[in-house]
Amino acid sequence: MQLYFYNEGFRNAIEQYLLTEEQLRFTGTPVDSIKLSIEDSDRHPILAMEEDTLVTFFVLHNNEGVKPYSDNQHAILLRAFSTDSRYQGKGCAYSALKTLPDFVREHFSDTNEIVLAVNLQNEAAQRLYKKCGYIDEGQRRMGTKGELIIMSYHL
């Protein structure tokens, strides 16, 4: 599993990325996330590739993006996390999340925490995050798609 910052060379892969209606209950599309990142330089779209195939997508959002979820000025927010529906259940999300801490240490060297918000109803994602070392420290927020559990991974 390799993680890459999005660039235009990945446009076709992004356009071919498939999410089900069930997935869209909890996350946004990569196309929409990339549009937001063009307007906000603190949003960094990341592609998780297995060989030459895009299997998982997410955004790392620093500075203002993390503030609603953490008071830690050295935290980064993991958002819009998804796995292409054709690759769900194959360990891709797990591999991407296990690769992420080293990627963050390399590219965001002042960061000491990865924060995410997961929908209370998205129990599968909660289990995945816990399995990858994210901790529910008891914080909750209301999001546009329901109540969110704030989880952290300390680097």
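How many aromatic pairs does a search of the whole structure find? The search finds eight. The model shown in these views is predicted.

**View 1. Strand β5 and the strands that pair with it.** Strand β5 covers residues 113-119; six of its seven residues are buried, so the rest of the structure largely encloses the strand. On β4 (residues 75-83), β5 pairs in the parallel sense over four bridges, and E113 of β5 is the bridge partner of A75. Between β4 and β5 the chain passes through helix α4 (residues 92-107), a β-α-β crossover that is right-handed. Strand β7 (residues 146-154) runs antiparallel to β5 and is joined to it by seven bridges. In β7, L148 stands opposite N119.

**View 2. The aromatic pair of F5 and F108.** The ring centres of F5 and F108 are 6.1 Å apart and the planes meet at 55°, so this pair is tilted. F5 belongs to strand β1 (residues 2-5), whereas F108 is in the loop between α4 and β5, 103 residues apart. F5 is partly exposed, at 30% relative accessibility; F108 is buried, at 8%.

**View 3. The aromatic pair of Y17 and F57.** This pair is edge-to-face, with 6.5 Å centre to centre and 65° between the planes. Y17 lies in the loop between α1 (11-16) and α2 (21-24), and F57 lies in strand β3 (residues 53-61), so the pair ties together parts 40 residues apart in sequence. Y17 and F57 are both buried.

**View 4. An aromatic cluster.** One cluster is formed by F58, F81, Y129, Y134 and Y153.

**View 5. K131 over the face of Y94.** K131 lies at 5.1 Å from the ring centre of Y94.

Terms used: Residues numbered from 1 in each chain as written. Predicted model: local features only at pLDDT ≥ 70, side-chain atom pairs only at ≥ 80, totals over all residues. Heavy atoms only, no water. Buried < 20%, exposed > 50% of the residue type's maximum accessible area, 1.4 Å probe, protein only. Helix = DSSP H or I, 4+ residues; strand = E, 2+ residues; numbered from the N terminus. Pairing = 2+ DSSP bridges. Right-handed = clockwise from strand over helix to strand, strands pointing away. Phe/Tyr/Trp six-rings, centres within 6.5 Å; stacked < 30°, edge-to-face > 60°. Lys NZ or Arg CZ within 6 Å of the ring centre and 35° of its normal.
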